[in-house]
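Please keep the sequence and the model open while reading.

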Amino acid sequence: MPAAPPPDDPRADDDGAHDHEANDGRHNHGAPDGHPGHHDHDHGPDPAGIDAAVLHEVADGVHAWVQPDGTWWLNNAGLVIGDGAALIVDTCATEARTRRFLGAVAATTDADLVVAVNTHAHGDHTYGNGFLPAATTLVGHENMRRTLLDDPVIDGCPPVWDPVPDWGAVTRRVPDVTVTSGLTAHVGGRVVEVHHPGGTAHTDGDLVAWVPGVRVLFSGDLLFHGLTPLVFQGSVPGARAALDLIATFDPVTVVPGHGPVFGAADLPRVLAEHRRYYDLVLRTAEDAVARDVPPLEAARACDLGPFSEWDDAERLVLNLHRACADLSGRPMDVIAAFTDAIEWNGGPLTTHVCC
Ligand SMILES: [Zn+2]
């Protein structure tokens, strides 16, 4: 059981510097090659490119699929290997990235993938579900299943991001088994517990996967490590409350939904950063609602302080739209939220996912 960062600690790769401009113009999406999953265009030595994703063994038989740099659409996933049977945590946004993940899984174990867990409905964690073996039992929260069934973005990504991701030949595969509070999976002699945080947090259908034998927590997007948290389809107070649940596990190793894997020594800092960020969003939203200031204007006046260093800082606008809508008791306008985020950002949002 590792008490210190594992030897192939993915943190070693994270210098906090991400050159978004380096990718501009590298990917040509004007001419789809017609061969989903084939990689015949040059991705170059891109630190956030598809080849940068690696399967890290974070505990005996427990692996994290970490996709640098963790920004928009670049999630982490997981693998728990038992005796002849294994469990997967999440898939990836695109066919190419999911095939690469599952290829790394196949190179690591020949165990049957008997169970897969979706931590929530967002496409970066679910659009690749259709590439799991048909026999794999897919588990998700009942709200997550409904959200993925209704998700229009899997049918084609809107030009909110640059480049506009091409998902490849993804299909809408939803959970075979739904849960509302949790379940325990027994996979080749290993126990994996699946827990709902008890309320709306990152989304209304979040799950974490906890491997008690080695004290590894797959937090899904209840944690973004070193990146701006996103709660626009959840609840800011709920996401803040879910941090308390994470602390109760007392994990040795945490695989966040995005960003580098980290150990117990870093958990208090990571939780405190999330609390401070959520408090900033809530204070800003309360002030905006009290003074009838629109979310974009509130975002422009908000001093992010140290959080301005986090990638995907424009999520402030989305998070404020959520918080202001909830404080005002009205539904959130998702289109207006993204329009404002693009305005705040000075253009479409940067992603390193192209296909
Ligand atoms: Zn995510």
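Angles under 35 degrees count as roughly parallel, over 145 as roughly antiparallel, 65 to 115 as roughly perpendicular and the rest as oblique. Axes are lines fitted to C-alpha atoms, for helices over the stretch in contact, and angles between N-to-C directions run from 0 to 180 degrees. Helices (H or I, at least four residues) and strands (E, at least two) are DSSP runs, numbered from the N terminus.

The model is a predicted one: local features need pLDDT of at least 70, side-chain atom pairs count only at pLDDT 80 or more, and totals for chains, interfaces and linings use all residues. Residue numbers start from 1 along each chain as its sequence is written.

**Overall make-up**

- The protein has eight helices and 15 strands.
- Of its 355 residues, 51% are buried; a residue is buried if 20 or more other C-beta atoms lie within 10 Å of its own, exposed if 12 or fewer, and partly exposed in between, with C-beta atoms placed from the backbone.
- Among contacts between residues at least 6 apart in sequence, 70% join residues at least 24 apart; two residues are in contact if their C-beta atoms, placed from the backbone, lie within 7 Å.

**Helix α4 and its surroundings**

- Helix α4 (residues 236-249) packs on helix α5 (residues 267-291) at an angle of about 165°, and their axes are 9 Å apart.
- The two helices, α4 and α5, are therefore roughly antiparallel to each other.
- The crossing of α4 past α5 is left-handed, a term used if the near helix is turned anticlockwise from the far one by less than a right angle, with right-handed used if clockwise.
- On the α4 side the contact is made by V236, P237, A239, R240, L243, I246 and A247, which meet L271, H274, R275, Y278, V281 and L282 in α5.
- By class, this contact of α4 with α5 holds ten nonpolar, one polar and two charged residues; Ala, Val, Leu, Ile, Met, Phe, Trp, Tyr, Cys and Pro count as nonpolar, Asp, Glu, Lys and Arg as charged, and the others, Gly among them, as polar.
- In α4 the buried residues are V236, G238, A239, R240, A242, L243 and I246, and they pack against β12, α5 and α7 (315-328).
- Helix α4 also lies across β11 and β12 (216-224), and runs at about 165° to β12.

**The six-stranded sheet**

- An open sheet of six strands has the order β9-β10-β11-β12-β13-β14, with mixed pairing; two strands pair if DSSP finds at least two bridges between them.
- At the edges stand β9 (182-187) and β14 (262-263), each with a single partner strand, so one side of each has no neighbour in the sheet.
- Strand β10 (residues 190-195) pairs with strand β11 (residues 208-211) in the antiparallel sense over three bridges, and A209 in β11 is the bridge partner of V194.
- Strands β12 and β13 run parallel and are joined by five bridges; G220 stands opposite P256 in β13.
- Six of the six residues of β13 (residues 253-258) are buried, so this strand is largely enclosed by the rest of the structure.

**The seven-stranded sheet**

- Seven strands make up another open sheet, in the order β1-β2-β3-β4-β5-β6-β8, also with mixed pairing.
- Its edge strands, β1 (54-59) and β8 (177-179), each pair on one side only.
- Neighbouring strands in this sheet are turned by 20° against each other on average, direction ignored.
- Five bridges pair β1 with strand β2 (residues 62-66) in the antiparallel sense, and V66 in β2 is the bridge partner of V54.
- Strand β5 (residues 112-117) and β6 run parallel, joined by three bridges, with A116 opposite L138 in β6.
- On β6 and β8 the pairing is parallel over three bridges, and V139 stands opposite V177 in β8.
- Strand β6 is mostly covered, as four of its five residues are buried.
- Helix α3 (residues 142-150) lies across β6 (137-141) and β8, at about 100° to β6.

**Loop residue L132**

- L132 sits in the loop between α2 (123-126) and β6.
- With 18 other C-beta atoms within 10 Å, L132 is partly exposed.
- Not counting residues up to four places away in sequence, L132 touches I88, T91, L113, A116 and L138.
- T91 is 41 residues from L132 along the chain, and their C-alpha atoms are separated by 8.3 Å.
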